[in-house]
Each structure stands twice: as structure tokens, then as C-alpha cells.
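The points proceed from the overall fold to individual residues.

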Amino acid sequence: MPTAEPIVAAPAALSKEDLLRDYRLGWESRHASLAGRKEVFMGKAKFGIFGDGKELPQLAMARAFQPGDFRSGYYRDQTFMVAAGELTWQQYFAQLYAHPDAEAEPATAGRAMNGHFATRLLDEDGQFKNLATLKNSSADVSPTASQMPRLVGLAYASKLYRQNPELHELTQFSVNGNEIAFGTIGNASTSEGMFFEAINAAGVLQIPMLVSVWDDHYGISVPAEYQTTKQSISEILAGFQRNAPGEQGFEIFVVKGWDYAALVDTYLRAAEVCRREHVPVLIHVTEVTQPQGHSTSGSHERYKSKDRLGWEEEHDCLRKMREWLLAEGHATEDELTQIETEAKDVIKKARVAAWDAFFNPIKQERDEAVALLEALVAETGEENALHDMVEHLRHNPTPIRADIVRTVRRALRFVRAKRSNARQDLKDYLEQLLAENADRYNSYLYSQSEQAALNIEEVKAEFSADAAPVDGREVLQACFEANFRRDPTIFAIGEDVGKIGDVNQAFAGLQEKFGELRVTDTGIRECTIVGQGIGAALRGLRPITEIQYLDYLLYAIQILSDDVACLQYRTKGGQKAPLIVRTRGHRLEGVWHSGSPMGMILSSIRGMHVLVPRDMTQAAGFYNTLLRSDEPAIVIECLNGYRLKERIPQNVGEFTLPLGVPEVLQKGTDITVVTYGSMCRIVMDAARQLAEVGISVEVIDVQTLLPFDVDHVIADSLRKTSRVLFADEDVPGGATAFMLQHVLDEQQGYKFLDSQPRCLAAQPHRPPYGSDGDYFSKPNAEDVFDAVYELLNEAEPKRFPAIY
């Protein structure tokens, strides 16, 4: 089928060919929306959400979109993606059908529902392509306004590439920071806090971020009067408008979504000032329609009045463009009718081709399975449940892969007592299917490149004999300084990171040495601090984004979970953002500064690494590892460890720690205690006290929770001690339960136990203020002592009589 050539920005005076090409693309997109809805209702797709009514503004935006630019949008941008040359209609339908092949569906390999667009930023080895020569789209997310934090980072990268001379040689990623980050969002989603936070951040930073608001007056069934003050996002943001060139602020444009000529002119003018001056821009596109309603889940006739529906029909953007083309003499009635007819035919061909490419391999797998199953039927006779299963699969007109695997697994149950070649052949085929589907549906949660964190070679820390003890913060300071000198793409942002060097002084003095572009203060805005890092990492930079306290990670956990953690997965290795989130937690004082919500973190950010070093030397080793890898991670430093004394390694910027490798802090024979972070010191204190009563404790610091003990060090310890206690500061059932599941289930450590495994966690509430609040809320040395002693008392009551 024909593939649209990328549109290049052109003067506002467009040729007839340009105009009719846009009209053709607009109608192709409209027919794609109409056909997509029908495919869902026919059962060939699960759900549909389409871009009908948004065609003209997206065609205009595509004319301003240039190589090197990035898009961070939402799920109605199909017209733009095709007009920019980054989507074909066959790929569009492949995504609707969930085709799990990155060749057929390059955005997500069938992992995201339709309308979630992305370009493949990485080559087959997981390395960045020459992004400065490509038109780029970061991978879409569904949660409303979640595209905005990342958008800030995509635009911020242009500022760094322009203003930092050390980055000018990185022409693979940028040409003097000339790239615009284009954002798109629906009017209702501008009600989200993330939108306002991102707009404010962009205004402060003065970055080339161009946001388009497609305003169709509704958010599903809720009209603008319930969504937006004054029912106009441009009116309430008017205070962001700069008063004169050179001033800080936004440029704000308002244009009707059906006025093609005004749209093209507006986008070209807006993009020019955004690109040249690095001024953020908001384009409020009003009077947009949505002919098919929100999605296939319902009809907009339920909530729109007849007058509104009539107005939408009259102001349909393609109808208005048709009227304009005729009135201006750019085309005849016959020319436009022919274009509309041809557009429908183009979409039909693309739809059929996409369905055949998706469904034919499944039919082939079904036929292979049926042939193998027939051999089993021949052995068992024709009149039985197995025969019925095979016939049901054979005559299923639209089988999916689950139907095939489900039938094979149930068939093998039926013949579980038989031993035959037919049964073995079917078993082998099942293994093949499961392996193929694991690649289709379960791969790329983490990087599979040579730079994956688990591939980084360990380099031991080296210490001089006369190294004097210093505050732990100084180890981190030396580590960060060494890395900043080594790699100009590394930068750090966060609240109080710059001028004072963060609240615990690990960046002290580094802003003076490396400048404000490398070590930068931000406002209090955790969500967009993380988003700023995600976008910059997508563009080849190495951000360290600081969340001041672990408790405040809640502001950013949604973005971490929905965006960066699943980025490699939802693009099947097509995009990566090696963001490092630096924070501190565990013990200090009070409800909001003593958090250790590890269970929440572990459950919500699979796809990121979670590192929990017990001291700053360990933290430094992890930073060195991560800054050489291509994966995102969160490093949680011990809040009460910055003033504790450590030694600075001679190779402070070079030594690396492997991920997923626990360290045995103390060998023992009676029980294994597994812990991490600040609890290591408490457990070691308790172990010394237990030794005084004759109990030998093996203490293991897991060091990282994701990944967790890849070599099964803990299970090996249980072979020796046959007892285990998991201890941490999270709530009951949090990270202790996570560790227990790994050791007992995955490592099969239950085989080696002579006593019940125990978990020791904090109380189920947040810790109150003060030292007594800490003692009575979180595990202390006496709690660890008693928990261990009780296990030994149960095993050997004469040797260890009850204390209480």
C-alpha cells in the first residue's frame, strides 16, 4: 500500500498539490477511524479509540514538525503520525489487532491498545539511532496528562544541548538544541495537576515545548463547564503570556480546529518562535469535534444534545476544509469526491492487508496444532472429549493464540497416563509455543543490550592503607564529581541540589565546579522532576533526578510506574530512558520523614532496578554501575548515614557493584537474618548480643531488591542454618513478604528449613515523631534479638530457655 512521505514545513502559501495531499490524508484518517470502530464491533479488535475530528490541526502540526523533533502526545494523534511519515495505515490497523511483531506494529509490538504511538529510537542492539535525523515520538501512555512530565524533559534536553558546549559534539541527538518537543492533550485532561505542573516548569525553564490542546468541549461525557474555569484553558493561562520578546513566559495562540489556513499559519509561526528563541508555546485549538464519540465503549448521543450534535456535524473539520477548497478555487467538486472515494479504498486495502498479516500466522499455528492433536485422537479413538476439543479448535473461524495453547494443554491432561511419540511431539510443540509467546508478550521488561545493568563488569573498590575516615556524604560527593568529569552527559536536578549541594551535602561544591546546567536546583515539583529526567534520558542524556525524601516519591510514583518502568516493555525494546532516581529514606524523625514504603515501590515499578545500599560507599558503587548501564533505577540511601564515617576508595568513580548479589556481613551457623539498608546496623548490633548467649547469626545484606539475589546466596545460607528471619522497616507484608516469597518459592529455600520462616517488619502505621516514636514503631535491636531467640527457643528449649 502507498506510504505517505513525511511532510516538510513549508511557507503558509501552499501549492494545490500540498492542499489536496492534506485533504487526502485527512479523509484517509477519517475512514481509518470509521473502519476501526467497525472492526471492534465485529470482534476483530478488543477496543478502539480514534482521532476523528482532529484531522486538520494534526495536519497543520505535522507541517511544523522537523527531523530531530519529538512528540509526546495522546491517543488521538493518528493523522499527525501518518502525515509526519512515522505511521502507515497498515501499521495503524496492526496495532488495532494487537499484532505482536515489531516489524508489523513498530510502536508497541501489539502491547498497547490502538492509538498509542511511538517510533523506534533504538537499533536491534539496543543502541540509540541518529535521532537528530529522525522524526521521533516518545511512547504514549493512557493515564490522562501523563505525557506532560516527560514532555518537559524532552524540551529541556534541547536547552542543555544548546547551552552546554560540552554536548555540541553529540550531533546524533541534537543540532544545537534546535529541536522542539511537541505535546498534545485533550482539553479535559488539562484539569490534571500534572498538566499545570508541567506548564509551570516549562515557563520557569524556558524550553522549546509546544503544547497543543485539542478542545472538543468534553471529557468523555463531562462538558467543559465541569472541567475548566471559564471553560477555556487559554484564558486561565493568560498570565503565562510573556509581555514582550525576551521576557520569561509563554506564547499562547488560539485557533479554530476547522480553519485549515489559520491552523497552518499558526503552527508555522508558533514553531518558529519556539525553535529559535526556546520559548514554550501553547496552542489552544478550539471548536474541535469528535464524530464517533469518545471510544467504542459507548455512544456520545447519550450525553450530547441534538443541537450540539448538529453543530458538530456542521463544523466537522473535513467538511469545512472541503467548503474552503471549493470557495478558494483550489479544487473542483469532482476532484474532491474522487479523493474521498480513493481514500476509502486505501484504508480498505490497508485494513485487509493488516488483518491477513496478523491472522495468517495464527491460522498456520492452529493448523500445526490440529495436525499434532489428530495423531493423539487416532490413538484414543474418535468418540471422546479430546476429539471434541480438536474439532472445536479446527472449526474456530477466528482463533487466537490462547485458544491454541489452551487446547494443547488440556489435551495433554487427557493423555497424561500415555507414553507415545504423538504425546511427545505435542509436548515439544507446546514448549515451542510457550517460548515464542514469552518473547511476544513477556520480553524486554529490562534491557537486553550489552549495557544492561547485570552485564556491567564488577570492579572492586580499592582503599589506600592510610585512608582517613570521612563523613559518608563525602564518599558520594567524590563519586559524583568523578563521574561528572568522566561523562558530560550526566547532570543532576532536584530541590536544593544546586546552590547548597542537596540537603545532605553530597553535591556540595559541584555546581561551582560544573555550572548550573549540570547541577541544577528545581522547584518543589517531584512529578515533573522525574519527568524532566525521563525526557532527557530518551534523548541520550544521563540524568540523576533527586526526590528529597522517600516519602515524597508518592508524588512521582505514577509517572515512574506508567512511563519509565514499562518503557522498554511496552515498546518491546524500541525505546529506553536510563534515568537514575536518587532519594533517601528509612530512619529519621516523624510521619513524613521516616518512610520505607518498599512494598509499594516494588509492586509498582517493575522494569526499574531498586537499590537499597546500607552505606554511602555501597551507594557510590551502585551509581558507578548505573551510569555505565542503560537501565532506569532508584537508589534509596540511608537517611541517617550521611554523617557516619567511611573511607573514600582510591577508585571512587570507577569501582562498580553488581546488582542482585547479596553480601554476607557476618557468617553464622544457627540462623540466617536477611535485611538491607539502615536495618543492617541494627541487625549487626543484635547479632553481637545474640552471640553473647551462644547464638551464631549469619547476616545477609541483600543490597538490591530488584533484582533480588540472582545467585541464590540466601538459599545456600539456609542449607547451613536451616532457619531464617527477614527484617526491614516496611509495613508487615511489604518487602519482607517480597523477600520471603523469593527465597521460599523461587529459590525453594523451604526445603532447608527446620523452623517456621519469620518476618520482622515495622508497625502497620507511620512512625510518630521522636526517638521513642522510632523505637516503638520500627524494629530495633531488641526486637531482632527476641525474634531470633524465640526461634532457637522452639528448637532447643533447654539450651535457650524462654526469656519472658
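1. Along the principal axes, the C-alpha atoms fill a box of roughly 100 × 85 × 50 Å.

2. The model is a predicted one, in which local features need pLDDT of at least 70 and side-chain atom pairs count only at pLDDT 80 or more, whereas totals for chains, interfaces and linings use all residues. Residues are numbered from 1 along each chain as its sequence is written, and side-chain values use heavy atoms, with hydrogens and water left out.

3. Of the 804 residues, 60% are buried. Here buried means under 20% relative accessible area, exposed means over 50%, and partly exposed lies in between (1.4 Å probe, protein chains only). Leu626 and Ile580 are 46 residues apart in sequence, yet their C-alpha atoms are 7.5 Å apart in space.

4. The structure holds 54 salt bridges, each defined as a side-chain nitrogen of Lys or Arg within 4 Å of a carboxyl oxygen of Asp or Glu. Side chains of opposite charge can pair when their charged atoms come close. In helix H8 (residues 260-277), Glu272 and Arg276 are 4 residues apart, which means that about one helical turn separates them. Their side chains meet in a salt bridge with an N to O distance of 2.7 Å. Glu272 is partly exposed at 42% relative accessibility, and Arg276 is partly exposed at 48%. Both residues also belong to a network of salt bridges that links Arg242, Glu251, Glu272, Arg276 and Glu277.

5. Helix H10 (residues 317-327) contains Lys320 and Glu323, 3 residues apart, about one turn of the helix. A salt bridge joins their side chains at 3.9 Å, N to O. Is Lys320 buried or exposed? Lys320 counts as buried, at 18% relative accessibility, whereas Glu323 is partly exposed at 38%.

6. A further salt bridge is formed by Lys460 and Glu458, whose closest N and O atoms are 3.1 Å apart. Lys460 is exposed, with a relative accessible area of 58%; Glu458 is partly exposed at 37%.

7. Which residues form a negative surface patch? The patch consists of Asp101, Glu103, Asp123, Glu124, Asp125 and Glu450. Patches are made of residues with over 30% relative accessible area and no salt bridge, like charges being joined within 9 Å and nonpolar side chains (Val, Leu, Ile, Met, Phe, Trp, Tyr) within 5 Å. Glu450 is exposed, at 68% relative accessibility, and is placed in the loop between helix H14 (421-442) and strand S9 (470-471).

8. Most residues other than glycine have a negative phi, and most peptide bonds are trans. Leu706 and Pro707, however, are joined by a cis peptide bond with omega of about 0°, and Pro707 is in the loop between S20 and H23. Asp709 also lies in the loop between strand S20 (704-706) and helix H23 (713-721). Asp709 is buried, with a relative accessible area of 1%; Asp709 and Leu659 are 50 residues apart in sequence and 8.4 Å apart in space, C-alpha to C-alpha.

9. His278 is not a glycine but has a positive phi of about 55°. His278 is found in the loop between H8 and strand S8 (281-286) and is buried, at 5% relative accessible area. Lys572, likewise not a glycine, has a positive phi of about 45°. The loop between helix H19 (567-570) and strand S13 (580-585) holds Lys572, which counts as buried at 13% relative accessibility.

Definitions and conventions: Accessible areas come from the Shrake-Rupley method with a 1.4 Å probe; for residues, only the protein chains shown count as cover. Lys and Arg count as positive and Asp and Glu as negative; His and the chain ends are not counted. The place of a charge is taken as NZ of Lys, CZ of Arg, CG of Asp or CD of Glu. Helices (H or I, at least four residues) and strands (E, at least two) are DSSP runs, numbered from the N terminus.
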